[in-house]
Amino acid sequence: MSEPLMEPEAHAHPGYAVFFIVWAVLLVLTTVLVLLSRVGQDAAVWGLMLITPLKAALVFYFFMHLRYEGLLLKAVVTVALGTLLIFFALLFSDVAFH
Amino acid sequence: MSAGHAASYLDDSGPRKGILGWVTSTDHKRIGILYLYSTLTFFAVGAGIGIVMRLVQLAPFHHLVTAQTYNALFTFHGVLMIFLFVIPGLPPVFGNFMLPLLIGARDVAFPRLNLYSWYFFIAGALIALLSLVTGGGPADTGWTFYVPFSLRTGTNVTMAVFGAFILGFSSMLTGINFITTIHRMRAPGMTWLRMPLFPWALYATGWIQILATPILAITLVLVMLERIVGIGIFDPAKGGDPLLYQHLFWIYSHPAVYIMIIPAMGAVTEILPTFARRTIFGYKAIAFSSVAIAAVGSLVWAHHMFTSGMSPFANMLFSLLTMVVAVPSAIKVFNWTATLYKGSIDFQPPLLYALTFIFLFSIGGLTGVMQGALAVNVHVHDTYFIVGHFHYVMFGGTGMGFFAALLYWFPKMFGRMYSKRAAYVAWFPIFIGFNMLYFSMLVLGLQGMPRRYYNHLPMFDTGHEVATVGSWILVLGLIIFFANLVVARFRGAKAGPNPWGGVTLEWATASPPPVENFEVIPTITEEAYTFHPESGT
Amino acid sequence: MSEAGTIHAEEHHDYFGAKLGMWLFLLTEVLLFSGLFIAYSYMRARYPVDFHHAGSELNAVIGVANTFVLLTSSLTMALAIVAIQRGERARSLLCLGITMFLGLVFLANKAVEWTAEIRHGMYPGSPHLAAQPPGEQVFFGLYFTMTGLHGVHVVAGLGVLAVMTALVARGRIDRDRFILLENSGLYWHLVDVIWIFLLPLFYLAA
């Protein structure tokens with residue numbers, strides 16, 4: 001019995017418009033980030049911690065289609081990013097107390 | 001349809017004949033055999049180096065090599081064994097050969113990528129070998145390449161490290177291949193909870209290969225950049241931090257030991273039900289404990305660094321996590337034992353070696369728990385105790401698991417049976433020699449013998465002598481073991497499809513299997529390891 | 001069914017399997033760069049002042065400009081895929097072309113930037129850099145390594161996109177079989193994501 005041929009799901013393709021909107025949002029967020037960094041070091045760091053992951057999430061979710069994918073791919077990405085966060089946290093158990 | 005209807009994978013080489021038909025094949029079975037021969041070759045070389053290392057600790061032979069050469073020997077022994085035998089080990093050999101068969105598929109998800117994995121493996125090996133004879137000569141840093149010494153030494157660390165870097169791709173691609181295969185290519189009706197446990201083990205291992213290996217890759221790149229261009233991330237003279245290197249190195253290299261052991265545990269889990277003639281006890285516990293070991297095992301890396309100058313808080317945290325990771329391994333041992341209890345034991349060589357795995361791995365695991373205690377670690381770190389510990393788990397564990405898997409699946413892979421008596425005869429020197437060799441090391445370490453030392457104090461003479469004699473006995477056993485298999489490969493009695501009476505899918509096809517694995521892909525309706533005593537299985 | 005003995009594993013096309021495999025590969029890339037991000041955060045915690053000072057020596061204008069360039073190239077990459085899914089081959093080729101062009105602009109900017117830094121004596125192993133405080137040396141070591149590795153990935157991405165352009169032009173990628181283009185797009189977007197993080201770490205918040 002052969003592997004069933006999987007067709008791309010017709011309903012899951014977004015149109016052009018979505019991408020333009022997301023692109024515009026990304027440009028705005030980048031501008032905000034730059035302005036924040038002009039304000040001061042603390043504001044810059046907050047920008048780094050909040051806005052940057054948000055930008056990355058928009059690219060993952062829309063440009064990389066994660067929004068339209070099933071649970072498996074979302075879980076796979078989440079597991080990997082979660083592992084990364086735990087690496088950072090455990091590393092800082094050492095670094096923070098030097 | 002008879003088994004002789006389709007040509008076996010051994011005879012049908014496809015469009016190319018002879019050697020070319022092997023080294024360009026995308027058939028997972030052929031690739032598994034390629035890995036088998038290459039990894040065992042590297043194992044033999046590494047074992048030979050080990051013999052020399054042990055010999056040098058005997059007074060009459062001490063000056064066989066210089067101290068510098070001794071450093072190169074233990075470095076290369078580690079690199080060979082770890083990167084070229086144990087980490088590749090079971091997944092590319094038995095995983096490649098058996099995974100599609102066990103899940104009822106015709107091949108892995110990406111057959112060509114599978115072949116490229118082997119090419120990366122061989123390329124990495126050749127580069128590592130080249131590092132022995134080029135540049136400043138063989139690296140003398142130990143397989144861990146600790147900075148700052150690895151940055152300063154004139155030996156060819158750059159090339160050795162580059163070889164390990166290339167090998168990483170082999171591991172990553174295998175992980176990607178197996179995970180996709182398991183998700184996408186199980187036979188109809190084979191739900192996750194009906195899948196045999198060796199694939200479960202390969203699945204957990206694949207995740208470690210994917211997530212951890214890249215971190216080693218970048219760490220090795222940084223070492224190369226520091227040596228070549230002078231980027232100062234690790235070198236204290238340039239503001240770098242050796243502790244950072246250790247963190248990055250062990251974030252991979254600790255999970256790497258679970259890449260080594262989880263598949264061996266998976267193989268043992270396949271073997272026991274067949275020879276107890278009953279289903280595995282605690283299927284879900286074993287399946288999920290593989291995943292748990294992979295997960296928790298990725299969080300304990302700094303237990304290699306307790307004496308390196310980390311904060312006390314980090315020390316305590318990692319010590320606690322190290323204790324936790326022992327739990328899922330112990331769960332497996334209990335389940336294996338319970339599988340045997342009240343089973344109808346059919347004593348055969350694969351069972352003997354699988355039981356030996358459980359015994360030796362338990363010793364190794366327990367010594368690991370000992371080392372995880374901070375106070376103990378201060379005394380045993382960098383002593384022979386550690387060396388004894390990791391040989392018990394890597395050799396007594398993964399090595400023995402590899403041998404057990406080889407004995408179990410040999411008839412399937414080659415269509416021939418070996419001499420069971422020879423396998424039993426080999427066991428005695430292997431077991432006795434192994435324990436003489438490595439238990440002595442545990443004792444030596446507790447007495448204070450440091451590792452990676454060319455010289456030793458006279459008080460350690462006896463321990464070293466016992467260990468060295470043990471190494472000879474062990475190697476004698478290994479020679480008998482492999483001679484048996486080599487002879488059987490060419491002259492053994494023909495084996496039928498199911499010489500052991502196993503109930504997993506690989507035994508439902510011919511020995512050796514046809515190229516397409518199965519005439520018809522079966523539909524699965526039962527859980528794995530379901531025996532039917534009333535109908536003779 | 002295949003004839004026994006002569007035919008090898010049937011060629012099977014598994015769209016989702018190919019996508020899953022590609023995502024798993026991308027995760028290895030994420031983890032690869034993470035090692036460097038770990039090194040960065042470790043060192044920043046150690047040398048906060050030196051990092052701040054060194055960061056101000058970088059050209060934030062080029063950094064921000066390159067961010068806009070890469071974000072736009074991600075847009076055009078996504079548009080190229082939408083186009084091929086609709087069978088609009090010419091539009092897809094146009095978008096691919098713009099994507100590659102923007103990638104080249106990125107690399108050109110990078111070249112300008114690096115040349116300036118090297119001319120100022122700021123490069124790994126330079127005597128000028130060796131005279132700086134240790135934290136600054138580490139900062140620049142990380143800067144060149146991380147943006148360099150990222151640049152290597154941009155080059156690789158351009159190579160992949162060039163191949164994809166040829167396949168689209170020849171009709172080997174079309175509205176029924178576009179997984180290769182989709183996977184290439186995923187790679188390109190990841191390269192963009194890495195840069196999204198590199199920007200603040202080196203140019204803005206350092």
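**Note on a predicted three-chain model**

1. Chain C has seven helices and zero strands in its secondary structure. Helices (H or I, at least four residues) and strands (E, at least two) are DSSP runs, numbered from the N terminus. From the N terminus on, the order of elements in chain C is α-α-α-α-α-α-α.

2. The model is predicted: local features need pLDDT of at least 70 and side-chain atom pairs count only at pLDDT 80 or more, while totals for chains, interfaces and linings use all residues. Residues are numbered from 1 along each chain as its sequence is written, and chains are lettered from A and ligands numbered from 1 in the order in which they are written.

3. The C-alpha trace of chain C spans about 70 × 40 × 25 Å along its principal axes. Of the 206 residues in chain C, 50% are buried. A residue is buried if 20 or more other C-beta atoms lie within 10 Å of its own, exposed if 12 or fewer, and partly exposed in between; C-beta atoms are placed from the backbone. Among contacts in chain C with a separation of 6 or more, 76% are between residues 24 or more positions apart. Two residues are in contact if their C-beta atoms, placed from the backbone, lie within 7 Å.

4. Phe51(C) is a residue to look up in chain C. Phe51(C) sits in helix H2 (residues 48-56) of chain C. Phe51(C) counts as buried because it has 23 C-beta neighbours inside 10 Å. Between Phe51(C) and Glu136(C) there are 85 residues of sequence separation, yet their C-alpha atoms are 6.0 Å apart in space.

5. Next, the interface of chains A and C. Here 36 residues of chain C are in contact with 37 residues of chain A. On the chain C side, helix H1 (15-46), helix H3 (60-85) and helix H7 (179-204) each supply at least two residues. That side of chain C, which touches chain A, has 23 nonpolar, ten polar and three charged residues. In this classification Ala, Val, Leu, Ile, Met, Phe, Trp, Tyr, Cys and Pro count as nonpolar, Asp, Glu, Lys and Arg as charged, and the others, Gly among them, as polar.

6. The contact between chains B and C takes 40 residues from chain B and 32 residues from chain C. Helix H7 (157-184), helix H8 (197-228) and H9 of chain B give two or more residues each to the side of chain B that touches chain C. H8(B) gives the most to that side, with nine residues. By class, the side of chain B that touches chain C has 23 nonpolar, nine polar and eight charged residues.

7. The largest nonpolar core has 263 residues, and those with the most contacts inside it are Val268(B), Phe357(B), Ala404(B), Ala39(C) and Leu142(C). A nonpolar core is a set of buried Ala, Val, Leu, Ile, Met, Phe, Trp, Tyr and Cys residues joined through C-beta atoms within 7 Å. Helix H9 (residues 242-276) of chain B provides the largest share of this core, 23 residues. Domain 1 (16-64) and domain 2 (69-98) of chain A both give residues to this core, so the core lies between them. Domain bounds come from an automatic or database domain assignment. The centres of these two domains of chain A, taken over C-alpha atoms, are 21 Å apart.

8. Not counting residues up to four places away in sequence, Ala404(B) touches Ala267(B), Val268(B), Ile271(B), Pro350(B), Tyr353(B), Ala354(B) and Phe357(B).

9. Some backbone points in chain B deserve a check. Most residues other than glycine have a negative phi, and most peptide bonds are trans. Val147(B) and Pro148(B) are joined by a cis peptide bond with omega about -5°. Pro148(B) is in the loop between helix H5 (111-133) and helix H6 (149-152) of chain B. Phe145(B) lies in the loop between H5 and H6 of chain B and, although not a glycine, has a positive phi of about 50°. Phe145(B) is buried, with 23 other C-beta atoms within 10 Å. The peptide bond from Ser511(B) to Pro512(B) is also cis, with omega near -10°.
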